[in-house]
Amino acid sequence: KGGAFYAYCSDKSKILALRSAWSLTILQLFPGLVQCDALVSAEELDDALQQGHEQLAQSRNTPAINLPLATAISQRSSRSGKQAVINSKREPGKESEALDIDTQMHRAFYVASSKNGSMALHDKFTPESLDKPLKYESSFDSFEKRDLALIHIDGNGLGMLLIALKKQLKGKSEQQYRQAFRQFSAALEAATQAAAKEATAKVLPIVNSGENSLVALRPIVLGGDDVTLFIKAEAALEFANTFCVAFARESKLELASLVNQYTDLPKQLSASGAIVYHKVNHPFIQMHHLVEDMCAYAKALTKSVTSKEKAVGPAVIAQIRVGNASQQDGEALLKQNQHCELREFSSEFPNGLYLGQSRYFVQNDAEFSQTKAQHFLPLQQLLNLSLEDNAVVSMAKWRQMATHIMTNDLAEAKRIYKRALTLYEKRGDLRDFYAALDALCPSDYQRKDWIFSKQESDGKPAHSFTV
């Protein structure tokens, strides 16, 4: 649950009434949810918003201290670590799970809203072309093998766009100011919802269990340019890619009228995000922090190829799989899971070897062709070749090679690779396989077998393994 809004009025008493009612409602329905606000006044709406932003930042940086709501001697909830209470929804014959009061009330609100058919969040994901509404999973029972994925996607360059819009509205009337921001907000919301519905429709054959239209997908957030959800692991990549492509296209359509009025604005937006594959019993808080770290990792690649003249960069998706719950951040986990030091081959690999590609551009934009090794399409082509019945190097062989590399046995990995090529040469042509590898190798790298190396300025080669 999260969000933000601006409200203004010429009557201060009405603003105070709204502020009090809103704060009380949040405290009653969602105890523990962090909230902050700002109340300012000015002669012009532009000045009031500027002051409000400054005060809001101060309020966010100085949160109120919450006192404990339970006695010192009490059981703690295993999910959150907070003081626990007995679950009011007890199932016969089963031991009741001890939950903290915040989670208890949040669950009660979710169940009540679902029964009343008032979950507007679900409607934002449901494709309009369906004959009957979908039922979204709440207990994760339909997630097979207890594996699932947490997706978090956020828009690129939104802050820069708002700054550009604000500059162009300087000196305009209050009505124009209000109308432009309302128009932008509506366009952004429409583009995000349209992209979410298209992505849901794309993965329905994978996530739909066929029982009462129950889908293995649980929306968490959809607002502005931000979307977060749980989904069946095998559908996560398809959903994320589809959403990013659809969001760029839909934002161009929705922003067209605003761009016609204010020509210096970007013609479309893009979104970058992350996928964390994990077990269903992993703590949500840790997985959420991790998916945000990986989202920042994806956005770093977006920003690295984005010029100052073009504030909106390309869409990037990062992903990571975790087998155990961990307090480590995304960067530390990537190095732990994918970096091999290869001490016995230090002369050949002084900086070690990275296994896997953790982030990639969703679309193969010619503007960013110099980083083609990080595009998804060539990686997908090599993956398809590896999954064929008579593959040159099968997925099982790639995994064997990776296992040997992680144990510092690079020689055995090379032997498996050479053996696979020798056997295939007797029955087929290797040109498609080599073409797929070459498509992954960037122009400033050199490919030797499946390893790509680059001569750095310090004279030490850096190597990467991208399958």
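Analyst: Let's begin with one term: a residue is buried when its relative accessible area is under 20%. In this predicted model, buried residues make up 39% of the 467 residues in the protein chain.

User: Okay, and how many helices and strands are there in the protein chain?

Analyst: You'll find 14 helices and 15 strands. Contacts tell you how the chain folds back on itself: of those between residues at least 6 apart in sequence, 63% join residues at least 24 apart.

User: Can you walk me through two packed helices? At what angle do α5 and α6 pack?

Analyst: The general idea is that two packed helices are described by the angle between their axes and the distance between the axes. Here, helix α5 (residues 158-168) and helix α6 (residues 174-207) pack at about 155°, with axes 11 Å apart. Angles over 145 degrees count as roughly antiparallel, so α5 is roughly antiparallel to α6. From α5, the contact is made by Leu158, Leu161, Leu162, Leu165 and Lys166, and from α6 by Tyr177, Ala180, Phe181, Phe184 and Leu188. The crossing of this pair is right-handed.

User: Let me try another pair. Is the crossing of α12 and α13 left-handed or right-handed?

Analyst: That one is left-handed. The axes of helix α12 (residues 395-406) and helix α13 (residues 410-425) come within 7 Å and cross at roughly 165°. These two are therefore roughly antiparallel to each other as well. On the α12 side, look for Lys397, Trp398, Gln400, Met401, His404 and Ile405; on the α13 side, look for Leu410, Glu412, Ala413, Ile416 and Tyr417.

User: Now single residues. Is Thr302 buried or exposed?

Analyst: Check its accessibility against the cut-off: Thr302 has 3%, so it counts as buried. Thr302 sits in helix α9 (residues 284-304). Next, ask what its side chain reaches: a polar atom there lies 3.0 Å from the backbone oxygen of Pro314. Leaving out residues up to four places away in sequence, Thr302 touches Asn156, Ser272, Gly313, Pro314 and Val316.

User: And Thr192, which backbone oxygen does its side chain reach?

Analyst: That of Leu188, at 2.9 Å. Thr192 is part of helix α6, and with 0% relative accessibility it counts as buried. Beyond four places in sequence, Thr192 touches Leu222, Gly224, Asp225, Phe243 and Phe247.

User: One last thing: how do I read distance in sequence against distance in space? How far apart are Gly155 and Asp226?

Analyst: Compare the two numbers: Gly155 and Asp226 are 71 residues apart in sequence, yet 6.7 Å apart in space, going C-alpha to C-alpha. Gly155 belongs to strand β4 (residues 147-156) and counts as buried because its relative accessibility is 10%. With residues up to four places away set aside, Gly155 touches Asp225, Ser270, Ala271 and Lys299.

Key. Residues numbered from 1 in each chain as written. Predicted model: local features only at pLDDT ≥ 70, side-chain atom pairs only at ≥ 80, totals over all residues. Heavy atoms only, no water. Helix = DSSP H or I, 4+ residues; strand = E, 2+ residues; numbered from the N terminus. Buried < 20%, exposed > 50% of the residue type's maximum accessible area, 1.4 Å probe, protein only. Polar contact = N/O pair within 3.5 Å; in protein donor to acceptor, adjacent residues only side chain to side chain. Contact = heavy atoms within 4.5 Å. Axes fitted to C-alpha atoms, helices over the stretch in contact; angles between N-to-C directions. Parallel < 35°, antiparallel > 145°, perpendicular 65-115°, else oblique. Left-handed = near helix turned anticlockwise from the far one by under 90°.
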